[in-house]
Amino acid sequence: MVIPHLEGVRVLELGNYIAAPTAGRLLADFGAEVIKVERPHTGDELRNWRLYGGDTSMLYRTINRNKKSIVLDLRTEEGRQTVLELAGHCDILLENFRPGTLEKWGIGPDALDAANRDLIIARVSAYGQTGPMSQRPGFAAVAEAAGGLRELVGEPDRPPVRVGVSIGDSIAGLYAAFGAVMALFRREVSKSSGADRPALQSRIVDVALNEAVLSMMESLIPDYLAYGISRERIGGRVEGIAPSNAYTCSDGTSVVIAGNGDAIYRRYMETIGRPDLGADPGLQTNTERWARRDELDAAIGAWAAEHSRAEVLKILDAAGVPSGPIYTAADICADEQYAARGMIQKFTVATGAAGPKEVGFPGIVPVFGGTSLPIRNIGPGLGEHTREVLESLLGKTAGQIDAIISGKDTPAR
């Protein structure tokens with residue numbers, strides 16, 4: 001059995017929505033104890049996003065799996081003091097408030113550092129902690145636009161569109177988790193070598209949503225600066241690569257076919273009954289094929305329209321042409337490859353229906369040992385672990401915990 005790599009690491013998550021909680025999920029997936037702090041009564045707003053029934057969305061259950069939930073009111077002195085006390089027992093703190101918010105509350109990096117000189121602080125914000133735009137608010141939709149992604153998504157004769165998920169938040173969460181683990185590694189190397197502990201600034205991981213998106217834009221900026229090229233929306237294609245696109249089959253389903261390698265291309269054209277295109281001297285390089293992409297897509301589209309999706313994939317697979325189905329959720333749930341690697345894991349969940357229901361959740365990536373690590377638990381109930389955490393870590397009494405939960409002190413201004 002594979003031992004979770006982060007077992008023994010404790011994380012305090014002050015995160016809402018998707019970005020910081022995604023970082024927390026990744027750390028929790030691999031064994032870290034992640035304590036998620038939520039506001040009283042409502043908790044993380046994600047609990048109500050895409051809520052089709054019950055009181056907790058499957059989105060929350062997914063992104064906050066393997067965590068513990070405690071309730072603290074950070075607007076109160078008692079809540080903020082409890083955060084500092086908990087930070088003293090943690091290795092990593094995650095947060096995605098607007099820059100300056102933690103400082104305003106008296107629980108910024110300096111205060112956290114005073115509570116724990118080894119604490120790693122991962123901060124996710126719209127534009128980062130510094131710079132002229134650092135104080136501006138922004139969700140992933142704004143970051144995806146500012147990072148260059150939105151301009152490239154959609155058809156060329158229509159306005160830019162958004163991909164169907166909060167991809168900017170998820171990418172930022174990946175970077176926050178990666179940065180936290182890098183800082184943790186550096187901290188542990190310093191300890192083992194007897195060197196001084198890393199300074200506070202070396203333990204602050206600063207992730208900006210717009211920069212996280214920009215980092216995924218491949219050669220967008222170098223192409224512009226080197227050649228004056230401004231990439232444009234091209235629908236289902238990828239700039240400069242042909243033929244590679246999505247095509248509709250006779251049964252109304254769709255496939256993606258990526259036959260753009262030079263040798264693959266000729267074999268591809270033979271397979272669809274167009275050896276003339278395969279042998280055409282003006283179509284032997286990717287650059288030449290890109291210039292005639294509409295002609296190629298028309299030929300491929302006509303062939304695909306004569307076959308069902310299953311037939312298309314069988315024919316292309318036999319010919320060694322890279323292709324695959326465009327899956328729906330139902331397709332993914334029925335796929336034997338996902339099942340073989342433990343990528344759909346089932347839990348009994350309250351959905352608001354008459355009784356609980358067995359629901360599949362996406363597995364843990366990356367894989368070690370051939371299959372996904374098991375998900376320990378799906379996203380917890382609001383404040384489910386408050387008493388357990390405050391008693392076991394901080395030694396709080398039942399009366400003290402009651403006072404903390406009720407927030408009976410003076411609210412911050």
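Visitor: Where is histidine 41 found?

Guide: Histidine 41 is found in the loop between β2 and α2 (58-63). Helices (H or I, at least four residues) and strands (E, at least two) are DSSP runs, numbered from the N terminus. This is a predicted model, in which local features need pLDDT of at least 70, side-chain atom pairs count only at pLDDT 80 or more, and totals for chains, interfaces and linings use all residues. Residues are numbered from 1 along each chain as its sequence is written, and side-chain values use heavy atoms, with hydrogens and water left out.

Visitor: Why does histidine 41 count as exposed?

Guide: Its relative accessibility is 79%. Exposed means over 50% relative accessible area, buried under 20%, and partly exposed in between (1.4 Å probe, protein chains only). Histidine 41 is therefore exposed.

Visitor: What is the phi of histidine 41?

Guide: Phi is near 75°, a positive value in a residue other than glycine. Most residues other than glycine have a negative phi. Glutamate 218 also has a positive phi, of about 55°, although it is not a glycine.

Visitor: What makes glutamate 218 exposed?

Guide: The relative accessible area of glutamate 218 is 67%, so this residue is exposed. Glutamate 218 lies in the loop between α8 and α9.

Visitor: Why does asparagine 210 count as buried?

Guide: The relative accessibility of asparagine 210 is 17%, so this residue counts as buried. Asparagine 210 lies in helix α8 (residues 209-214). Leaving aside residues up to four places away in sequence, asparagine 210 touches Ala126, Tyr127, Ala143, Ala146 and Gly147. Contact means heavy atoms within 4.5 Å.

Visitor: Why is valine 163 called partly exposed?

Guide: Its relative accessible area is 31%, so valine 163 falls in the partly exposed class. The place of valine 163 is in the loop between α6 (140-146) and α7 (167-193). The C-alpha atoms of valine 163 and arginine 150 are separated by 8.2 Å, and these two residues are 13 residues apart along the chain.

Visitor: How do you know that the buried residues of α14 lie on the same side?

Guide: Buried in helix α14 (residues 309-319) are Arg309, Val312, Leu313, Leu316 and Ala319. They cover an arc of only 130° around the axis, which puts them on the same side of α14. The arc is that of the directions from the helix axis to the C-beta atoms. An α-helix has 3.6 residues a turn, so residues three or four places apart point the same way. On the other side of α14, Ala310, Lys314, Asp317 and Ala318 are exposed. The cover over the buried residues of α14 includes β8 (254-258), α10 (262-271), α13 (293-304), β9 (323-325) and α15 (329-334). Just after α14, glycine 320 takes a positive phi of about 70°.

Visitor: What puts the buried residues of α17 on the same side?

Guide: In helix α17 (residues 386-394), Thr386, Val389, Leu390, Leu393 and Leu394 are buried. Their arc around the axis is only 90°, which puts them on the same side of α17. Glu391 and Ser392 are exposed on the other side. Among the elements that cover the buried residues of α17 are β1 (10-14), β2 (33-38), β3 (67-71), α3 (77-87) and α18 (398-406).

Visitor: Which residues of α10 and α13 meet?

Guide: Tyr265, Tyr268, Met269 and Thr271 in α10 meet Leu296, Ile300 and Trp303 in α13. By class, this contact has 6 nonpolar, 1 polar and no charged residues. Ala, Val, Leu, Ile, Met, Phe, Trp, Tyr, Cys and Pro count as nonpolar, Asp, Glu, Lys and Arg as charged, and the others, Gly among them, as polar.

Visitor: What is omega for the peptide bond from alanine 242 to proline 243?

Guide: Omega is near -5°, and the bond is cis. Proline 243 is placed in the loop between α9 (220-227) and β7 (244-248). A cis peptide bond, with omega about 0°, also joins valine 365 and proline 366. Most peptide bonds are trans.
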